[in-house]
2 protein chains.
Amino acid sequence: MARWEPDARGRLEQAALALYGERGFEQTTVAEIAARAGLTERTFFRHYADKREVLFAGAGSLQDLLVNTLADASDAAAPIDAVASALEAAGVLLQERGDFARQRQAVIAANTELRERELIKMASLATALAGTLRRRGVKEPAASLTAEAGIAVFRVAFESWVVEPTQRDLPQLIRDSMNELKAVTAGT
Amino acid sequence: MARWEPDARGRLEQAALALYGERGFEQTTVAEIAARAGLTERTFFRHYADKREVLFAGAGSLQDLLVNTLADASDAAAPIDAVASALEAAGVLLQERGDFARQRQAVIAANTELRERELIKMASLATALAGTLRRRGVKEPAASLTAEAGIAVFRVAFESWVVEPTQRDLPQLIRDSMNELKAVTAGT
DNA sequence: TGTTTGATGTCAGTCGCTGTCATCAGCGTA
DNA sequence: TACGCTGATGACAGCGACTGACATCAAACA
């Protein structure tokens, strides 16, 4: 017989997403999240650094997927296209968790502090992509610019995917956005 | 005879920048900032929404300059080049306040919470630029992509300008970064 | 001269977050 | 079997960020 119910982290994440969605992020206390998960406030902070981080538990695996896909991309591909393929792989992952991703994004969009946290996670993705590009031989500032541009493409595509009523294909939206960026940066 | 010393906001900003630089952001309390400015903690929060915001008082005027410059750009210029000229104008402004900008940036770079705040300010700039582009007739998602790409260029250029020991010209760095982005997104 | 205004002070209170110590089922080991 | 160790959790005190409510009082105004 286990001493505690298993998967404390999962229960905390579920409780937090539900409460943030019902009452809003600011109107929810950490004590309430912990109580719904059958735990105490102190235990919440043993699992998550702060009240926001509980919504971003999956960021690490997304970053791993991005970096690994980019690292495995063909050397023949131009850096921007290698980044594009990595972004599409991330798009596939997010689309598989479609309902969860949309609910989570609605909560984040409703609160400025959560948007801040999301932005720094995106910046972390860009930094990781830039490092991988450098390991592939891309020099600075090309590596950082390619990575930042890629993340910008991803952000715009994800934004429209979340909002759209008709569930368009996220990887396709990413490809479209990338083509749009190329068109927009092409000289007149 | 004035009832209070004038320029409470300016004194708070100076005190905050100095203390954040000396002890670090986390090790500084709002009460200490207020005391150095000859005020109370409560008054600090009447001028700034939170402990971070005191470092971003100039963000509004920077955004105004960006938007106005973009709005006044020649209709003949491609959107990305109109954005580039606005970014260069912002670069001139920052370069004029060179020492202050560098000291401020060192403080921000040293703390994650401050980097989060800076990222959302940059995102706000991108949103404002995208709106101005739309008013100039650019459609979505081209407007958002152009704005986001422009901010990415600005971020990379500003980063290297801050770090560089030799004080290269910031507007020139922005032009170089923009050209690098165009090269990087050009098809193979 | 009386009134209003606006920036500030004072104080109490909530909540995010941390340090510290106690608890106790399960595990390995003698 | 008995014993000690481990690791996840609970309990509690405390700090600092931030807020609401009320008081103050010089300056501007009627």
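In the surface near DNA strand C, H3(B) gives the most, with three residues. The model is predicted. It holds protein chains A and B, which touch each other, along with DNA strand C and DNA strand D.

**DNA strand C**

- DNA strand C is surrounded by 17 residues, and the closest are Asp50(A), Lys51(A), Ala8(B), Arg42(B) and Thr43(B).
- Sorted by class, the surface near DNA strand C has eight nonpolar, three polar and six charged residues.

**DNA strand D**

- Around DNA strand D there are 17 residues, of which the closest are Ala8(A), Thr40(A), Thr43(A), Asp50(B) and Lys51(B).
- At least two residues each come from H3 of chain A, and from helix H2 (30–36) and H3 of chain B.
- H3(A) gives the most to the surface near DNA strand D, with three residues.
- The class division for the surface near DNA strand D is eight nonpolar, three polar and six charged.

**Contact between chains A and B**

- Chain A contributes 29 residues to the contact and chain B contributes 28 residues.
- On the side of chain A that touches chain B, at least two residues each are supplied by helix H5 (79–96), helix H7 (112–135), helix H8 (142–163) and helix H9 (170–185).
- H8(A) gives the most to this side, with eleven residues.
- The side of chain A that touches chain B comprises 15 nonpolar, seven polar and seven charged residues.

**Relation of the two copies**

**Packing of H6(A) and H7(A)**

- Within chain A, the axes of helix H6 (residues 98–109) and H7(A) come within 7 Å and cross at roughly 115°.
- The residues that meet are Val107(A), Ile108(A) and Ala109(A) from H6(A), and Leu114(A), Arg115(A) and Glu118(A) from H7(A).
- This contact of H6(A) with H7(A) is made of four nonpolar, no polar and two charged residues.
- H7(A) is also one of the helices that supply at least two residues of the side of chain A that touches chain B.

Key. Residues numbered from 1 in each chain as written. Chains lettered and ligands numbered in written order. Predicted model: local features only at pLDDT ≥ 70, side-chain atom pairs only at ≥ 80, totals over all residues. Contact = placed C-beta atoms within 7 Å. Helix = DSSP H or I, 4+ residues; strand = E, 2+ residues; numbered from the N terminus. Nonpolar A, V, L, I, M, F, W, Y, C, P; charged D, E, K, R; others polar. Axes fitted to C-alpha atoms, helices over the stretch in contact; angles between N-to-C directions. Near = placed C-beta within 6 Å.
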